[in-house]
Amino acid sequence: MTQTHPTDPLQAVTHPNPYPYYAALRHRAPLVRDEASNLWVATSAQTVNRVLGDERLTVRPASEPVPRAIAGQPAGEVFARLARMNEGDNHRLARQALVNGLGSVDMRAVFQSASGRAATLIRSFDAGGAALLDALAFALPVRIVAELLGLPADDALEATVRRFVACLSPASSTEALSEAHGAALRLQSALHALTLDGIAASPLIERIVAGGLARSADLPNALVSNLLGLFSQTFDATAGLIGNSVVTLVQYRDVAAQLRAGRIDIHAFVHEVARFDPAVHNTRRFVRDTVEIEGVRLEPGDAVLVVLAAASRDDDAYENADCFIADRQRAPLPGFGAGRHACPGEAIAKAIAAGVVSALLRSGYDHANPALSWTYRPSLNARIPSFNFFDRSPS
Ligand code: HEM
């Protein structure tokens, strides 16, 4: 079957192979105008870094710091305090605290916990089908973050996180948004209980507090909102990294065989997956003050789609950028952002994904199974495979 090319950079995120389209955009101009979406589009590694490094371009539009659909409601109150969604002092303070906390996490322990939990899940799903891959991608990372924070790592928590995350998607229905507010309240209350004076918090929370996000008896507050934010930052993106690692095992059987034989390091493999087929394909920046980038004048109110996944395949930044080279020297990963908002959870996400993949390989998981296929979950920025197994048994 012939594949059509994506027609715009938002549709590209969930296209089976968007990379030739991204290359065509990169070769057209450093900043391309996409009239349909009313966005400027940045695709080369250099332009992406320039846009992300410029303080005149901000993470939220000045006219709408919190999406209208959730402003003034519980999920909106959390959103308004997230490092990810702020600039200036509010961002700096929260970021510094999160970097202090996340940087202190023992990545070997995260890897081992992910690998152990994955092995247990693999044993409990005897059919090893799509439900197993779903649980490994979505349920498992939430549980690791819960464990780090000191919350019970159970199904109820995962369901609540899933509901909260819906508030971040502009495509969510009114019903999903109302469930997201309930979830925001429940998660805040559980996290608040861990941060009260006199309670022995987990080492991660202690480090975040020591990094500058203060405990507070009031809710909402910046500490609790940013702890909650760790779940939403983890949820879709880490599911994408795990899913895209499975896709890579299927598409590159030689790499899978070398991994099994111990000739490729599992951490190097996951790092290269995060470059070659990143989980987060794009992010956005909004022009606060007039700025000229790559000879293009951007005016207040303009918005830029920063295509991290196109920068990941830029030939000027990587030798043989379109080849999956598992033992490539550890290259920078645009898929985790750059500049002042770059992801402070990169090492944790990669350790979780490496733990899951190593457990799958150890279990003899049959990624070469011809019944396995996938499409991508609907999203404007995250590339997350949704797996299917065709039942080939005679009916
Ligand atoms: C594969 C998994 C992940 C990917 C691809 C990813 C990607 C990203 C990207 C691209 C950004 C920057 C967005 C922008 O500048 O517009 C970001 C920010 C952030 N990420 Fe991640 N992330 C992942 C997992 C995680 C995890 C596991 C955590 C924490 C446990 C985390 C915490 C954060 C936080 C707190 C920010 C905001 C930083 C700031 O604004 O200063 N991420 N992430």
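**Close-up views of a predicted model**

**View 1. The largest cavity.** The largest cavity has a volume of about 50 Å³. The model is predicted: local features need pLDDT of at least 70, side-chain atom pairs count only at pLDDT 80 or more, and totals for chains, interfaces and linings use all residues. Residues are numbered from 1 along each chain as its sequence is written, and side-chain values use heavy atoms, with hydrogens and water left out. A cavity is a set of points, on a 1 Å grid over the protein atoms alone, where a 1.4 Å probe fits but cannot get out; lining residues have an atom within 4 Å of a point. Volume is the space filled by probe spheres set on the points, which are joined across faces, edges and corners. The search of the whole structure finds two cavities of 30 Å³ or more.

**View 2. The lining of the largest cavity.** Among the lining residues are Leu133, Asp134, Ala137, Phe138, Arg377 and Phe387. Helix 6 (130–149), helix 10 (222–251) and strand 9 (385–389) each give two or more residues. Helix 6 gives the most, with four. Helices (H or I, at least four residues) and strands (E, at least two) are DSSP runs, numbered from the N terminus. By class, the lining has seven nonpolar, one polar and two charged residues. Here Ala, Val, Leu, Ile, Met, Phe, Trp, Tyr, Cys and Pro count as nonpolar, Asp, Glu, Lys and Arg as charged, and the others, Gly among them, as polar.

**View 3. The second largest cavity.** About 40 Å³ of space lies here. The lining includes His271, Glu272, Arg328 and Arg330. Its classes are four nonpolar, two polar and three charged residues.

**View 4. Threonine 58.** Threonine 58 sits in strand 3 (residues 57–58). It is buried (under 20% relative accessible area, 1.4 Å probe, protein chains only), at 9%. A polar atom of its side chain lies 2.9 Å from the backbone oxygen of arginine 60. Not counting residues up to four places away in sequence, threonine 58 touches Glu87, Arg284, Arg285, Phe286, Arg288 and Arg340. Contact means heavy atoms within 4.5 Å.

**View 5. Threonine 248.** Threonine 248 belongs to helix 10. This residue is buried, with a relative accessible area of 3%. Beyond four places in sequence, threonine 248 touches Phe269, Val273 and Phe324. The C-alpha atoms of threonine 248 and phenylalanine 269 are separated by 9.5 Å.

**View 6. The iron atom of the ligand.** A single protein donor, Cys343 (SG), lies 2.3 Å from the iron. Donors are N, O and S atoms within 2.8 Å of the metal (3.2 Å for Na, K and Ca); water is not among the atoms, so sites may look incomplete. Cysteine 343 is in the loop between helix 13 (308–311) and helix 14 (346–362).

Methods: 1 Å grid on protein atoms, 1.4 Å probe; cavity = no way out; pocket = protein on both sides within 12 Å on 5 of 7 lines; lining within 4 Å. Buried < 20%, exposed > 50% of the residue type's maximum accessible area, 1.4 Å probe, protein only. Polar contact = N/O pair within 3.5 Å; in protein donor to acceptor, adjacent residues only side chain to side chain.
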